[in-house]
Amino acid sequence: MTAIGKRAGRSAMLADPAPTGWQVLNRFTLGSDTAIQITILAVTLAIWQISASRLGMEFWISSPAGIWRAFGKWAANGVMLGDIRTTIIEAGIGFVLGSSIGGLVGFVLGWVRRLGDIFEPFVIAFYTLPKVALAPLFVLWFGIGMGNKIMFATLLVFFMVFFTTFQGTRQVDRDLVSNARLLGASRWQIWTKIALPHASVWLFAGIRIGLPYALIGAIVGEFIAAENGVGFRIREATSFYDTSAVFAGLIVLMGISMVCLAALKIIETRALRWQNVRDLTPAG
Amino acid sequence: MMAAVADDVTVTELTPEFSFTDVSVRFGSFVAMGPATLEVRQREFLVIIGPSGCGKSTLLNLAAGTLQTRTGSVLHRGAPLRGINHDVGYITQKNYCLPWRTVEANVRLPLEFRRWPAAKIKLRAAAAIAQVGLTGFENAYPKQLSGGMLQRVLIARTLAYNPSTYLLDEPFGSLDAQLRMHMHRELMRLWQTTASTFVFVTHDLHEAITLADRVVVMSGRPGRIKLIVDIDIPRPRDVVDIQSDPRFGAYFKTLWTALSDD
Ligand SMILES: Nc1ncnc2c1ncn2[C@@H]1O[C@H](COP(=O)(O)OP(=O)(O)OP(=O)(O)O)[C@@H](O)[C@H]1O
Ligand SMILES: [Mg+2]
């Protein structure tokens, strides 16, 4: 109600010529991105449903209706919330630990030239290692409980955040530092007022890249050995050839990571506000 | 006015702001500058010109204490210069505004480094911003400003802590001619209102004559002091009218000749 009132008021003020019916339709329905996106989604679901039921492919690709039923079953059991909670706790703790340790170590090694030079070969050696291959070893070290998934998620996130922060921080303009020294900065002030804000762009980039890996770590851990969690449920469903339940699990994962990414985006735009400021077009 | 500083050096108005005596700088076996001997007088506006690569920036770096490997002696107000010289403000062509700080926060930076009380910082920053004509842009980010405005932020940041010497290394090199003249007018006003010494490096002879009390011409690499010209044009000077002063043409010719027979 109020929004419509406002819009009407503003266009009256700007004395817009009244849009034709076709323009209104075009602007708010057919032309808008949201409308197109909803259309794409609907068409995809329809094709999916039809190919599943008419072409007899339901066993392989499930179907939107089947997934809906699987959701119902999963939720009715009362298991779904527990599974989601387990996975979120594993990924969440892993994310917090991994990104704080990774960010800190990456920042320090990136900023202190000497340390960075010393550790670079080790860093590269680890970089080339496919970290997922360490998962079985983690079962050995940390058992099959949540600890194992937390540690594995921490490891994956750590590496992603570490590499990005390390590489980015190393590129810092050294002249900026000597200029700050000239302006009277102490060593500590150079760290807090120059180095850290300067590195924060890469820190955030690293965290954004690392976030999905928290979930990957938790899921891979659950695939290998677990008693519950979304990843465990997906694997269990696969072994029963229950494609619908597998897809239901995948959709839950997609939802979790989209919510996390949106939250991160909000924090990031607040912290890095200076990057997104608009032109002032100053007068004179 | 007399003031005593460390090393039992008595500083009078006649003590040079800087004295360079037989100073040479090498990078490895490559002689970048000197040997050069030069006195910078207190409160003067000294302009340094010379061919590219002759060591003008190197000379400023010595005065700022950011470059310390040299032979010969560098005195600041009679005392040997050791470490970074916090009495100077250094303004370069390269812009060192911090992009994540607003104009006001950039100007505050040196005062925060000096741990001034917050209220005093606020007043001082506002005054400095007003002095360079940026009032109203306190909350803008460097990204949102033009080249001329950015240079003004650097100038405001420098004058906020009131250094005894301003070192300016081609500060207006990237500005268009009109804005440059405008900045010359403001810089001369600033120089007159502060009690500071200005050392200004440029390639532009017009700029040199307009601003300077004295112009130092350096020879090609390794730069030595080739000629020092006193610019006897009375102040206050008008940045436009000065160009039609007959003395202006004469100085231009002298400096041009000195520069081109290298
Ligand atoms: N850190 C350094 N290492 C090696 N050589 C250097 C270094 N800094 C400067 N030089 C050299 O010393 C010489 C003098 O440099 P400087 O920057 O002082 O010249 P300049 O007179 O300021 O030149 P321009 O007018 O181009 O700015 C140049 O030949 C330069 O290549
Ligand atoms: Mg230079």
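This is a predicted model: local features need pLDDT of at least 70, side-chain atom pairs count only at pLDDT 80 or more; totals for chains, interfaces and linings use all residues.
## A buried arginine and its partner

At 15% relative accessibility, A:R170 counts as buried, because the limit for that class is under 20%. The side chain of A:R170 meets that of A:E120 in a salt bridge, with 3.7 Å from N to O. A:R170 belongs to helix α9 of chain A and A:E120 to helix α7 (residues 113-128) of chain A, so the pair ties together parts that are 50 residues apart in sequence. A:E120 has a relative accessible area of 27% and is therefore partly exposed.

## Helix α9 and the fold of chain A

Helix α9 of chain A covers residues 146-170, which is 25 residues. From its first C-alpha to its last, helix α9 of chain A reaches 35 Å, close to the 36 Å expected at 1.5 Å a residue. Of the 25 residues of α9(A), 21 are buried, so this helix is largely enclosed by the rest of the structure.

Chain A as a whole has 13 helices and zero strands. Of its 284 residues, 38% count as buried. Consider the contacts in chain A between residues at least 6 apart in sequence: 72% of them join residues at least 24 apart.

## Salt bridges between and within chains

Over all chains, the structure holds 16 salt bridges. One of the pairs is formed by the side chains of A:K193 and B:E112, at 2.9 Å from N to O. This pair crosses between chains, running from helix α11 (residues 187-224) of chain A, where A:K193 lies, to helix α2 (residues 103-113) of chain B, where B:E112 lies. A:K193 is partly exposed, with a relative accessible area of 23%, whereas B:E112 is buried, with a relative accessible area of 14%. Both residues take part in a network of salt bridges that also links B:R101, B:E104 and B:R108.

Another salt bridge joins two residues of chain B, B:D245 and B:R247, whose closest N and O atoms are 3.1 Å apart. Here B:D245 is buried, with a relative accessible area of 16%, while B:R247 counts as partly exposed at 37% relative accessibility.

## The two domains of chain B

Chain B is divided into domain 1, made up of residues 43-87 and 164-262, and domain 2, residues 94-162. The contact between them takes 14 residues from domain 1 of chain B and twelve residues from domain 2 of chain B. Taken over C-alpha atoms, the centres of the two domains are separated by 24 Å.

About 940 Å² of area is buried between domain 1 of chain B and domain 2 of chain B, and carbon and sulfur atoms give 60% of this area. Three residues, B:Y166, B:M183 and B:L190, supply 38% of the area that domain 1 of chain B buries against domain 2 of chain B, more than any other three residues. Helix α5 (residues 177-193) of chain B gives the most to the side of domain 1 of chain B that touches domain 2 of chain B, contributing seven residues. Between domain 1 of chain B and domain 2 of chain B there are zero salt bridges, and one residue pair is in polar contact, with both residues at pLDDT 80 or more.

How values were computed:
Residues are numbered from 1 along each chain as its sequence is written. Chains are lettered from A and ligands numbered from 1 in the order in which they are written. Side-chain values use heavy atoms; hydrogens and water are left out. Helices (H or I, at least four residues) and strands (E, at least two) are DSSP runs, numbered from the N terminus. The expected span of a helix is 1.5 Å times one less than its number of residues. Buried means under 20% relative accessible area, exposed over 50%, partly exposed in between (1.4 Å probe, protein chains only). A salt bridge is a side-chain nitrogen of Lys or Arg within 4 Å of a carboxyl oxygen of Asp or Glu. Domain bounds come from an automatic or database domain assignment. Contact means heavy atoms within 4.5 Å. Buried area is the accessible area (1.4 Å probe) that two parts lose on being put together, summed over both. A polar contact is a pair of N or O atoms within 3.5 Å; within protein, one must be able to donate a hydrogen and the other to accept it, and residues adjacent in sequence count only if both atoms are side-chain atoms.
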